[in-house]
Amino acid sequence: MVPNPGQQIAWQNQLRTNQQVFSNNAAQYDRRRRRNRGRPASGLAGVLKLLLLVAVVVLLAKNPGLRAELWTFAQNLGAYVQGLWADTRSG
């Protein structure tokens, strides 16, 4: 079945319109992502992150045993990652 030429032109125009809308939306998303890169979170998310950070600092300041365990964990994790990195670089 051969489509009606008028209908085929309408489909092609609709396809071009959809492609343009998609392209514009993608470009707008990229601009927003680039604009917000490296900036601190704002609004409620920023406040919640700040409160969480303050709570962790206060908890670590009040509990030296936990602070020592966390420091040991961080050192072990760092050594593990360095070992993985060395393994991947050596082949």
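Mentor: Arg-67 counts as partly exposed at 40% relative accessibility, and Arg-67 lies in helix H3. This is a predicted model, in which local features need pLDDT of at least 70, side-chain atom pairs count only at pLDDT 80 or more, and totals for chains, interfaces and linings use all residues. Residues are numbered from 1 along each chain as its sequence is written, and side-chain values use heavy atoms, without hydrogens and water.

Trainee: Why is Arg-67 called partly exposed?

Mentor: Buried means under 20% relative accessible area, exposed over 50%, and partly exposed in between (1.4 Å probe, protein chains only). The 40% of Arg-67 therefore makes it partly exposed.

Trainee: What makes Leu-84 partly exposed?

Mentor: Leu-84, found in helix H3, has a relative accessible area of 41% and is therefore partly exposed.

Trainee: Which residues form a nonpolar patch on the surface?

Mentor: Leu-70, Phe-73, Leu-77, Tyr-80, Val-81 and Leu-84 form the patch, with about 590 Å² of accessible area together. Like charges are joined within 9 Å, and nonpolar side chains (Val, Leu, Ile, Met, Phe, Trp, Tyr) within 5 Å. Accessible areas come from the Shrake-Rupley method with a 1.4 Å probe.

Trainee: Why is the patch formed by Arg-31, Arg-32, Arg-34 and Arg-35 called positive?

Mentor: Lys and Arg count as positive, so the patch of these four Arg residues is positive. The place of each Arg charge is taken as CZ. Arg-31, in helix H1 (residues 5–36), is partly exposed at 46% relative accessibility.

Trainee: What is the average confidence of the protein chain?

Mentor: The average pLDDT (the predictor's confidence in each residue, from 0 to 100) is 85, and 88% of the residues score at least 70.

Notes
Patch = residues over 30% accessible without salt bridge, like charges linked within 9 Å, V, L, I, M, F, W, Y side chains within 5 Å. Salt bridge = Lys/Arg side-chain N within 4 Å of Asp/Glu carboxyl O. Helix = DSSP H or I, 4+ residues; strand = E, 2+ residues; numbered from the N terminus.
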